[in-house]
Amino acid sequence: MNATIRPFVATDKDACLALFDSNVPRYFDASERGDFSKFLDRPDGDYFVVEQATEICGCGGFVKEDRGQARFTWGMIDNARQGSGLGRLLAEYRLRAIKASGRFQEVELFTTPKIAPFFAKFGFDIVDIEKDGFAPDMDKVQMILRFASDDSKAS
């Protein structure tokens with residue numbers, strides 16, 4: 001696969017917006033683009049990009065919540081590279097970083113019903129579904145991964 005993950009920098013914004021655009025309307029609603037653009041201006045928490053051959057092909061991060069919880073933020077892979085293993089690489093990278101901190105008992109994320117099975121493979125459980133939560137005809141699925149007490153300290 002030959003991909004690397006590095007911290008997001010401001011000059012990555014246009015490439016990340018292009019990733020978003022490649023995933024509309026399949027995984028994101030066009031109405032969410034403004035929120036994502038604002039997020040990229042000042043990302044909360046840790047945010048990363050995935051590169052292959054110097055091309056940004058994915059992005060995603062996590063934010064630290066006050067209640068012993070981390071939350072995945074704005075994760076996506078270029079639509080043309082779906083199924084290539086890059087999404088797994090990014091999810092595993094974020095989970096390792098969260099576990100390595102030793103500060104969290106669980107990870108929360110919000111996704112759509114189309115993507116929920118992907119995160120279930122990592123042990124995330126659905127805890128709530130909000131009809132039209134992201135946009136009309138795009139439900140919001142809340143998922144939680146709880147670490148075993150010794151998992152949160154693993155690196």
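## Exercises on Aromatic Rings and Selected Contacts

The charged end of Lys140 lies over the ring of Phe134, at 5.3 Å from the ring centre; a charge sits over a ring if NZ of Lys or CZ of Arg is within 6 Å of the ring centre and within 35 degrees of the ring normal. The model is predicted, so local features need pLDDT of at least 70 and side-chain atom pairs count only at pLDDT 80 or more, whereas totals for chains, interfaces and linings use all residues. Residues are numbered from 1 along each chain as its sequence is written, and side-chain values use heavy atoms, with hydrogens and water left out.

**Exercise 1.** Determine where Thr111 is found and which residues Thr111 touches.

*Solution.* 
1. Thr111 belongs to strand β5, residues 106-111 (helices, H or I, of at least four residues and strands, E, of at least two are DSSP runs, numbered from the N terminus).
2. With a relative accessible area of 8%, Thr111 is buried (buried means under 20% relative accessible area, exposed over 50%, partly exposed in between, with a 1.4 Å probe and protein chains only).
3. Not counting residues up to four places away in sequence, Thr111 touches Ala116, Phe119, Phe134, Asp139, Lys140, Val141 and Met143 (contact means heavy atoms within 4.5 Å). This list includes Phe134 and Lys140, the two residues of the charge-over-ring arrangement.

**Exercise 2.** Characterise the aromatic pair of Phe48 and Tyr93.

*Solution.* 
1. The structure holds 14 aromatic pairs (rings of Phe, Tyr and Trp, its six-membered ring, pair if their centres lie within 6.5 Å; planes under 30 degrees apart count as stacked, over 60 as edge-to-face and the rest as tilted).
2. Phe48 and Tyr93 form an edge-to-face pair, with 5.0 Å centre to centre and 80° between the planes.
3. Because Phe48 lies in strand β2 (residues 46-52) and Tyr93 in helix α3 (residues 86-101), the pair ties together parts that are 45 residues apart in sequence.
4. Phe48 is buried at 8% relative accessibility, while Tyr93 is partly exposed at 26%.
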